[in-house]
Amino acid sequence: MRVSVPDTSHHDEKGKGYPMKVELEADKCVASGQCVVAAMEVFDQDDDGIAILLTEEVGDDRLGDVEEAVAVCPAAAIRLVRP
Ligand code: SF4
């Protein structure tokens, strides 16, 4: 008997399969640079060290990096949201 396993890859809580939106509250940023270390393709810093977004949408390939940035940001200035 064939057992079908539901494909949940597009329905899990992290939005796997869909791009997620990255939000940065620059006024909270304390210029630690942790987000750039975690996800250098998504974050950069301006001349004052304040984080800037290089892209607002991340797919599965960068999601882990941005989750890491959210976790390590000492100012809680980064959020991942569903667009
Ligand atoms: S990790 Fe947070 S506080 Fe540090 S530069 Fe990035 S956004 Fe700013």
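Predicted model: local features only at pLDDT ≥ 70, side-chain atom pairs only at ≥ 80, totals over all residues.

Student: Okay, so what span does helix H2 reach from its first C-alpha to its last?

Tutor: H2 covers residues 60-72, which is 13 residues, and it reaches 19 Å, close to the 18 Å expected.

Student: Which residues in H2 are buried?

Tutor: Leu63, Val66 and Ala69 are buried there. Looking down the axis of H2, its buried residues fall within an arc of 125°, so they line one face of the helix.

Student: And what do the buried residues of H2 pack against?

Tutor: Quite a list: strands S1 (20-24), S2 (43-45), S4 (57-58) and S5 (78-81), plus helix H1 (34-38).

Student: Let's zoom out. What pattern does the protein chain follow along the sequence?

Tutor: The order is β-α-β-β-β-α-β, with two helices and five strands in the chain.

Student: How much of the chain is buried?

Tutor: Buried residues make up 20% of its 83 residues.

Student: New topic: the ligand. Which residues come nearest to it?

Tutor: Cys29, Ser32, Cys35, Ala51 and Cys73 do, out of 13 residues around the ligand.

Student: What classes of residue are in that shell?

Tutor: The shell has 10 nonpolar residues and three polar ones, while charged residues are absent.

Notes. Residues numbered from 1 in each chain as written. Helix = DSSP H or I, 4+ residues; strand = E, 2+ residues; numbered from the N terminus. Buried ≥ 20, exposed ≤ 12 C-beta atoms within 10 Å, placed from the backbone. Near = placed C-beta within 6 Å. Nonpolar A, V, L, I, M, F, W, Y, C, P; charged D, E, K, R; others polar. Expected span 1.5 Å × (residues − 1). Arc of directions from axis to C-beta. Contact = placed C-beta atoms within 7 Å.
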